[in-house]
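Keep the viewer open as you read.

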Amino acid sequence: MKQIDDEILSYIQRLSMLELSEEEARQARLDLQQMIAYLDKLNELDTTDVEPMSHVFLLGNVFRDDVVTNQDGRTDTLANAPKQREGGFYVPRTIDGEGTQ
């Protein structure tokens, strides 16, 4: 298993533009070594009959044509209005010109 030494960790810090404290660097080294150990474990699997793939899911066009199936419903909505004016609801004024009720 590849060990993460100070040189590799320093290189990773420069690439990622991170400044790690001693404790953070120690934890990062342990985390990276655990990841590598897991990848080594995966490499033990027999994948001779497995086809290589770039994605887990089948890729295809998931979009549909944009088709208008109904109108905005304004006529039906306004049919329920007690009063209408200029294609909208008409409601009584609730605030007078001075901004008070």
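Predicted model: local features only at pLDDT ≥ 70, side-chain atom pairs only at ≥ 80, totals over all residues.

Residues are numbered from 1 along each chain as its sequence is written, and side-chain values use heavy atoms, with hydrogens and water left out.

Start with helix 1 (residues 6–16) and helix 2 (residues 22–43), whose axes sit 11 Å apart at an angle of about 100°. Helices here are DSSP runs of H or I with at least four residues, strands are E runs of at least two, and both are numbered from the N terminus. Axes are lines fitted to C-alpha atoms, for helices over the stretch in contact, and angles run from 0 to 180 degrees between N-to-C directions. That angle makes helix 1 roughly perpendicular to helix 2 (65 to 115 degrees). On the helix 1 side, Asp6, Leu9 and Ile12 meet Ala25, Ala28, Arg29 and Leu32 of helix 2, with contact meaning heavy atoms within 4.5 Å.

Now look along helix 2 itself. Ala25, Ala28 and Gln33 are buried in helix 2 (under 20% relative accessible area, whereas exposed is over 50%, with a 1.4 Å probe and protein chains only). These three cover an arc of only 135° around the axis, which puts them on the same side of helix 2; the arc uses directions from the helix axis to the C-beta atoms. The buried residues of helix 2 pack against helix 1, while the face turned away from them carries the exposed Gln34, Tyr38 and Lys41.

Finally, the backbone. Most residues other than glycine have a negative phi. Met17, in the loop between helix 1 and helix 2, has a positive phi near 55° and is exposed at 74% relative accessible area. Glu86 has a positive phi near 50°.

Notes:
Parallel < 35°, antiparallel > 145°, perpendicular 65-115°, else oblique.
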